[in-house]
Amino acid sequence: MRKKLLLGNWKMNKTISETKEFAKSIDTLVELAKEKDIDIGVAPVYLSLQTLKELVPETFIVSAQNCHFKDSGAYTGEISIPMLKEIGIDWCIIGHSERRTYDNETSEKCNLKIVKLLENNFVPVYCVGETLEQFENNKTMDVVKDQIEKGFLNISKEDASKIVVAYEPVWSIGTGKNASKEIAENVCAFIRSLLVDLYDKETAEKVRILYGGSVKPNNIKEYMKMDDIDGALVGGASLSVESYKELIQNI
Ligand code: PGA
């Protein structure tokens, strides 16, 4: 049985003091999550990672939103995995569509990062998903297949089962146009079938697959009923304590 996961992606939001303000309510959130038997956490900006990590209990996941695949070197503006590790971070989102769009993040580059993260005992949260144009041209499965195959390249069976995959159709992110539960389930089930092909059924059954894209307190429940959706990656609705709390309550 895969444990449900709620991960907030704060993107480029919240200063350190705003993060501290949110952290004042984390005990309540953790308590609620415990009752529901789900994993919860957020991915703040790099600057706030250490502050947040120091303020929350061990069970609350604090994830980075990106990392570089090299340990150190001449990569201006980048942050490496050992740097994150030193401050106790061991989760990292990879390949978010905003990074794919604005920062030319390719699936090949994501793969280099995923390999390195796994070597360092991190949990990578690998994001995949199609654009509106691809969706309208019935290319969703082709795009997702390519992203999954490239992202999981050179990753052993044991390591593959530690990866969290997030299916986030680009057309649903921050648009208020969430994918229907049927569309989301269809793609998440397809992702699991790809993992069966790449590895085996046992491995595929262990991988947690999240849906993301305009998930709100009033629609999270419908996704959670689906067989292959194991949680949600939530942007906007994870920013306020009130709405985060409602997301947990409605899972
Ligand atoms: P959203 O963002 O919930 O604001 O649509 C989701 C994401 O980008 O992970």
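This is a predicted model: local features need pLDDT of at least 70, side-chain atom pairs count only at pLDDT 80 or more; totals for chains, interfaces and linings use all residues.
**Stop 1: helix 8 and helix 10**

Select residues 140-151, which form helix 8. The crossing of helix 8 past helix 10 is right-handed.

Now show the side chains in this contact. From helix 8, pick Thr140, Met141, Val144, Lys145, Ile148 and Glu149. From helix 10, pick Asn186, Val187, Phe190, Ile191, Leu194, Leu195 and Leu198. Colour the contact of helix 8 with helix 10 by class: nine residues are nonpolar, two are polar and two are charged.

**Stop 2: the other partner of this stop, helix 6**

Keep helix 8 on screen and select residues 107-119, helix 6. The axes of helix 6 and helix 8 come within 8 Å and cross at roughly 35°. This crossing of helix 6 and helix 8 is right-handed.

On helix 6, the contact uses Ser107, Glu108, Asn111 and Ile114. On helix 8, look for Gln147, Lys150 and Gly151. The contact of helix 6 with helix 8 holds one nonpolar, four polar and two charged residues.

**Stop 3: helix 1 and helix 3**

Go to residues 16-23 for helix 1 and residues 46-55 for helix 3. The angle here is about 25°, and the axes are 9 Å apart. Helix 1 and helix 3 are therefore roughly parallel to each other. Their crossing is right-handed.

Select Ile16, Thr19, Lys20 and Ala23 on helix 1. Facing them in the contact are Leu47, Ser48, Thr51, Leu52 and Leu55 of helix 3. By class, the contact of helix 1 with helix 3 has five nonpolar residues, three polar and one charged.

**Stop 4: the ligand**

Centre the view on the ligand. How many residues surround the ligand? There are 13, and the closest are Lys11, His96, Glu168, Gly174 and Ser214.

- Glutamate 168: a polar side-chain atom lies 2.6 Å from a ligand oxygen atom.
- Glycine 174: a polar backbone atom is 2.7 Å from an oxygen atom of the ligand.
- Glycine 236: a backbone N or O atom sits 2.9 Å from an oxygen atom of the ligand.

Methods:
Residues are numbered from 1 along each chain as its sequence is written. Side-chain values use heavy atoms; hydrogens and water are left out. Axes are lines fitted to C-alpha atoms, for helices over the stretch in contact, and angles run from 0 to 180 degrees between N-to-C directions. Helices (H or I, at least four residues) and strands (E, at least two) are DSSP runs, numbered from the N terminus. A crossing is left-handed if the near helix is turned anticlockwise from the far one by less than a right angle, and right-handed if clockwise. Contact means heavy atoms within 4.5 Å. Ala, Val, Leu, Ile, Met, Phe, Trp, Tyr, Cys and Pro count as nonpolar, Asp, Glu, Lys and Arg as charged, and the others, Gly among them, as polar. A residue is near a molecule or strand if one of its heavy atoms lies within 4 Å of it. A polar contact is a pair of N or O atoms within 3.5 Å; within protein, one must be able to donate a hydrogen and the other to accept it, and residues adjacent in sequence count only if both atoms are side-chain atoms. Angles under 35 degrees count as roughly parallel, over 145 as roughly antiparallel, 65 to 115 as roughly perpendicular and the rest as oblique.
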